[in-house]
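Q: I am new to this structure and would like a close look at a single part of it. Please keep the answer plain and connected.

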Amino acid sequence: MTAVDRPGRAETTVQVAVDRDACCGSGNCVRVAPEVFAQDDADGLVLLRATTLAPQSGARARRAADLCPSGAIRVASAEALPR
Amino acid sequence: MTTPIVEAELPQWPPVHAARDPFAPLDEAERPHYDGPVRQVRLPNGTTAWLVSRHADVRQLLRHPAFSADFTRAGFPLLRPLPPAETRDTRGNFIQMDGAEHSRLRRMLTAEFMIKNVRRIEPLIQRTVDEALDDLAAAGPPADLVSTFALPLPSMVICHLLGVPYADHDFFQARSRTLLDRKTPTERLIREVAELRDYLRALIDTKRAHPDGADDLLGRLIRERIEPGELDVEELVGMALLLLVAGHETTANMIGLSVLLLTRDGRFTTLRDEPDQAPGVVEELLRYLSIVRTGLFRAATEDVEVGGQLIRAGEGAIVLISLANRDAAVFDDPERFDPYRQAHQQVAFGFGVHQCIGQPLARAELRIALVALARRFPQLRVTASPQELSTRQHSVVFGLDTLPVTW
């Protein structure tokens with residue numbers, strides 16, 4: 001189990017950011033968290049639908065960051081709680 | 001019979017003995033020589049390379065920018081001799097490129113294969129599946145599932161997407177197979193790559209000479225990239241070659257092995273009765289079958305520590321996604337096929353910037369094909385035992401040569 005799957009995280013909101021220069025357009029993030037990520041019609045690269053996320057979407061965004069093959073997604077706790 | 005391994009000798013890669021079980025990534029007796037921490041192996045040409053098999057190590061290495069996919073680099077692990085430089089035409093073959101050179105070409109294709117575009121063509125995939133199943137019904141019972149269904153389906157889909165006439169499938173299917181076979185003699189490899197490039201170049205030339213506004217990938221890239229001068233024809237030839245080979249070989253082999261696996265122990269009915277479970281089943285099939293079993297190959301361009309082992313600049317690395325997908329640190333009871341497992345961490349499509357660009361297409365094809373097959377032929381069964389089936393032991397994409405079925 002990864003940190004992403006662990007239930008009972010005490011976070012409330014998380015911040016997500018993406019690096020389009022690093023993105024390789026694999027689409028894993030859209031599959032995992034379609035409410036957070038999209039792919040640009042023009043080039044297939046990542047777009048953000050939101051930057052501040054509620055806990056459930058935050059957990060999915062963390063999973064997307066973990067699965068991103070090129071490491072183009074950064075997720076941070078708004079509260080920066082110890083893990 | 002296994003050959004005793006002398007202590008001082010490095011294990012050979014690829015292994016001398018093939019696995020007899022098509023679901024086992026390696027011969028069980030030999031597996032301990034390869035599984036676990038990063039270690040050195042000896043290649044057929046006598047050189048050495050680092051073998052990387054743990055899930056965390058595989059991900060770290062494939063995501064690291066200091067590992068090059070360029071097979072002409074010093075230390076790059078080679079399983080067959082490199083053809084002489086003057087005979088190699090690798091223009092457009094972006095899987096062996098790094099950095100900006102790679103992303104320039106890949107990014108011309110990312111939108112083509114993105115999830116929403118694949119969703120748009122799902123009706124086409126469904127129609128193609130239904131027609132292929134008509135052919136299967138007409139051919140038997142009994143029938144060979146590989147030649148009547150598993151191979152034609154992805155081949156027809158990728159032809160349609162690219163704008164390549166499926167009528168020429170005998171020509172490019174035979175040559176795709178040669179390209180992926182690591183026992184192919186160098187002269188033949190050079191000849192057949194050239195034949196495929198000539199074929200695709202002629203097709204592109206015809207499309208350019210008679211622009212018909214066709215809504216296919218080659219037509220779009222000609223209009224949007226070639227004519228404005230952003231892309232060279234020879235680059236498009238190489239890109240088309242890559243997509244054509246990758247587009248049918250991989251999915252075809254996944255379908256054959258998946259049917260063999262699912263028709264045992266009544267698992268096939270899961271797809272028919274619970275189609276909502278199909279995406280999860282497909283993910284677990286990708287993990288468990290991991291058909292790219294000879295590994296992914298890289299050369300280090302800087303000193304990098306992977307899994308506690310220093311890999312120096314100029315040394316080669318072979319990444320075993322098939323063993324990473326059986327890593328007990330990530331997957332509980334990894335040797336068990338569990339269609340209800342959440343296998344989202346599988347790395348069957350690779351990892352890093354070269355991760356399979358066609359993965360949304362592959363997932364859709366597998367899901368639609370397997371569900372439709374289970375619905376239409378619920379009594380389908382394989383008439384040979386897994387050990388009796390001839391497999392593609394020397395191909396970089398593992399699979400079954402034939403799959404005799406009845407219903």
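Which residues does T251(B) touch, not counting residues up to four places away in sequence? Please also describe the helix that holds this residue and the chain around that helix.

A: The model is predicted. Leaving out residues up to four places away in sequence, T251(B) touches P154(B), A362(B), E365(B) and L366(B). T251(B) itself belongs to helix α10 of chain B. Its relative accessibility is 5%, so T251(B) counts as buried, the cut-off being under 20%.

Helix α10 of chain B covers residues 233–262. P154(B) falls within α6 of chain B, which covers residues 152–162. A362(B), E365(B) and L366(B) fall within α14 of chain B, which spans 359–376.

Helix α10 of chain B also packs against α9 of chain B, a helix of residues 217–226. The angle between the two is about 155°, and their axes are 11 Å apart. Angles over 145 degrees count as roughly antiparallel, so α9(B) is roughly antiparallel to α10(B). The crossing of α9(B) past α10(B) is right-handed.

Which residues meet where α9(B) and α10(B) come into contact? From α9(B) come L217(B), L218(B), L221(B), I222(B) and I226(B). From α10(B) come V233(B), L236(B), A240(B) and L243(B). By class, this contact has 9 nonpolar residues, with no polar and no charged ones.

In α9(B), 7 of the 10 residues are buried, so α9(B) is largely enclosed by the rest of the structure. The buried residues are L217(B), L218(B), G219(B), R220(B), L221(B), I222(B) and I226(B). Their cover includes α10 of chain B, along with α6 and α8 (186–209) of chain B.

Now the chain as a whole. Chain B has 14 helices and 10 strands. Of its 407 residues, 57% are buried. A compact globule with 407 residues would have a radius of gyration near 22 Å, and chain B agrees with this because its value is 21 Å. Along the principal axes, the C-alpha atoms of chain B fill a box of roughly 60 × 55 × 35 Å. When contacts in chain B between residues at least 6 apart in sequence are taken, 72% of them join residues at least 24 apart.

Some loops of chain B have backbone features to note. In the loop between α4 (122–139) and β4 (143–144) of chain B lies P141(B), and P142(B) is found in the loop between α4 and β4 as well. A cis peptide bond joins G140(B) and P141(B), with omega about 0°. Another cis peptide bond, with omega about -5°, joins P141(B) and P142(B).

S290(B) counts as buried because its relative accessibility is 2%. D333(B) sits in the loop between α13 (321–324) and α14 of chain B, and with a relative accessible area of 47% it is partly exposed.

Note on methods:
Residues numbered from 1 in each chain as written. Chains lettered and ligands numbered in written order. Predicted model: local features only at pLDDT ≥ 70, side-chain atom pairs only at ≥ 80, totals over all residues. Heavy atoms only, no water. Axes fitted to C-alpha atoms, helices over the stretch in contact; angles between N-to-C directions. Helix = DSSP H or I, 4+ residues; strand = E, 2+ residues; numbered from the N terminus. Parallel < 35°, antiparallel > 145°, perpendicular 65-115°, else oblique. Left-handed = near helix turned anticlockwise from the far one by under 90°. Contact = heavy atoms within 4.5 Å. Nonpolar A, V, L, I, M, F, W, Y, C, P; charged D, E, K, R; others polar. Rg over C-alpha atoms; globule rule 2.2 N^0.38 Å. Buried < 20%, exposed > 50% of the residue type's maximum accessible area, 1.4 Å probe, protein only.
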